[in-house]
Amino acid sequence: MRNKITSVIAALGTAAIMSATANAGTLDDVKKRGALRCVVSTGIAGFAYPDKSGVWKGFDVDFCRATAAAVLGDAKKIKAVTSTGKTRFTKLNSGEGDVLWRNTTITFSRDVGVKLRFHGVNYYDGQGFMVNKKLGVKSAKELGGASVCIQTGTTTELNLADYFHEHGMKYEAVAIETNDEARQNYMSGRCDVYTTDASGLAATRSTFPDAQNHVILPEIISKEPLGPATRHGDDQWSDIVTWVYYATVTAEELGVTSANVDKMKSSKNPEILRMLGVEGNQGEELGLSKDWAYQIIKQVGNYGEIFERNIGKSTPIGLARGLNALWTKGGLQYSPPFR
Amino acid sequence: MAEVTRTYKVGQHPDLPPPRSEVGVIGWVKYNLLSTPFNVIMTLLALWFLWSIIPPLFEWAVLDSVWTAESRKACWAKMEVPEGAACWAFIKDRIGLYIYGFYPAELRWRVNLSFVLLVLAIVSVLYENMPGRKFGLWYAVAFPFITGWLLVGGLGLTHVETDQFGGIMLTFIIGITGISFSLPIGILLALGRRSTLPVIRILCVLIIEFIRGVPLIALLFIASTMLNYFLPPGTAFDLLLRVLIMVTLFQSAYIAEVIRGGLQGIPNGQYEAADSLGLTYAKSHLLIILPQALKISIPGIVNTFIGLFKDTTLVLIIGMLDPLGVGRASLADAVWAGLAREVYIFVAIFFFICCFGMSRYSLWLEKRLSTEN
């Protein structure tokens, strides 16, 4: 009997390991299926949300579309695998999604412990504070004794405790669950301060009737590098996701946009020609078509276009590029050369 | 008119109607609202409370509300004070998403047809006086399979992946599958638990106790994540199917216990009477025991069903978008974000209508089946 049980458990274990390792060949799976399955959020303002006809939009979704454009030649061929913060990694690791573009902070434990492969930072975020202007607070260091709306069970909660402890200040935590709840509490004056990632603060502030009366304080108290992830064990697929992101950054750096990409095919710059597949065979080395990067830029756009369309100054969210400007403009977005 | 006075012999006077002040609206108010000083105070307090709540709410939700606008800003621009009234334009803008989820727009007629078929099935199950009810019942049995084919496609219809299901449609799929499959399974489990055959009894007890001992959300997590690790790659089957199986199992265990309560409420004499008539186990249960047991279990069964219907919102946690999920996802659209109240009130009204309907029907059914005078 015991032998039987042991062998059953062993079989299950083997199956589990098999499913974790037998993921090589994601590229072939995606091509065969004719659709790219991206693990996205169930709704984060500016990053992923459905429009009224159920089409997914947003910063993360656009990167997913860029990946589909590169792999399948059609940015529309995506499937949004909606996931909450709790299920996102299992959805990826169990093979329900091909790639994770989901507002995910890169950390040591996720990279090593959850066995993910991260591919660059497509958005540099950080935890900030928002207060009403009438409080007259100019810096986070003046927040001693304030009541703070904070999402429970997140890294922001720990960051907040660390920051206040470090500066010898006290605060009263108002525990909230969702962003809507935070909004209600903050607007009704239940808490003086709302803290979460700066992009989230800007998105929340944009929904206030009196947005101009609220200010996001200059201090950013944590590093939240957000980036795409894939499973361990499929290096070719990892390379593709990495270079999809780099292609959007390089395109912006070289001034290639969705409007001028056709003209750029006859550019004199050899790097542009290599990237767009006019010269060389970088696409084939990746296992893709020659014009993979051309398709990304033509159908989705370069990094700057994706940023401005979804979360930039002209959108209701109205984020400045800040850290996410190109390295040539004082930001951190930097791509290795296409050589 | 001259007053007519008549004299009656002792004991012959006809019964007079009770005085005006004791019956009708006045009497009702007098007895129910103003019978003691304490009740007078409570009535006044309640009136004041209603007065301070209802007119502003009515104004917010109906009188001042905005029904057509392109965005939150446009909505608020139409109000005297931004955020001062309900912006139902948001719900109207998204109503397709709330009802059909991500179902392809050109195939939505299939969902509409399913809703019509659902109404027909419900009517033929619930109303005994319908002509041709026998066919109606067979139809109701076939209904889940017909609709399943209609929604998923195949066999001539375009295939639609179940991850595109969402909204009210998803709630109904999970709720109705859970309800219609858990009742027969629950009855079998309940009978099995009372069986004299030890193997069947122990098996049923194990199933019931295991499933009842685990929260639904844990079962959903098992369905959505654990199963994938155990099944070999490529064989993992549809997430919605996994969820449906888990919800049905969960519900069956609860129904089984409710029905076991009903079975225990039947006096032993009924069992003995059935035996003395020489009825077999199946016949005695079908003809004598179960009709009575089910009748007294109705409140419990409906209670469980209502609970299940509301629990369907838990699928939000594993990333499926039911009406609540659609609402929350829509709130992430920067054009509309910030209108959380409208979303939650809309979803609450939807669930209230469904659950209140179920509870009214069960009351009606209890009255109809009542054999007491």
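Residues are numbered from 1 along each chain as its sequence is written, and chains are lettered from A in the order in which they are written. Because the model is predicted, local features need pLDDT of at least 70 and side-chain atom pairs count only at pLDDT 80 or more, while totals for chains, interfaces and linings use all residues.

The contact (C-beta atoms, placed from the backbone, within 7 Å) takes 37 residues from chain A and 35 residues from chain B. On the side of chain B that touches chain A, at least two residues each come from helix 3 (72-77), helix 5 (95-100), helix 10 (216-230) and helix 14 (323-330) of chain B; helices (H or I, at least four residues) and strands (E, at least two) are DSSP runs numbered from the N terminus. Helix 10 of chain B gives the largest share, five residues.

In chain A, five strands form an open sheet with mixed pairing and the order 10-9-11-8-12, where pairing requires at least two DSSP bridges between two strands. Strand 10 (172-176) and strand 12 (214-216) of chain A are the edge strands. Strand 9 (residues 147-151) and strand 10 of chain A pair in the parallel sense over five bridges, and Val148(A) stands opposite Ala173(A) in strand 10 of chain A.

Helix 6 (residues 155-166) of chain A packs on the sheet, touching strand 8 (127-132), strand 9 and strand 11 (193-197) of chain A. Helix 8 (residues 198-205) of chain A also packs on the sheet, touching strand 8, strand 11 and strand 12 of chain A.

Definitions and conventions:
Two residues are in contact if their C-beta atoms, placed from the backbone, lie within 7 Å. Axes are lines fitted to C-alpha atoms, for helices over the stretch in contact, and angles run from 0 to 180 degrees between N-to-C directions.
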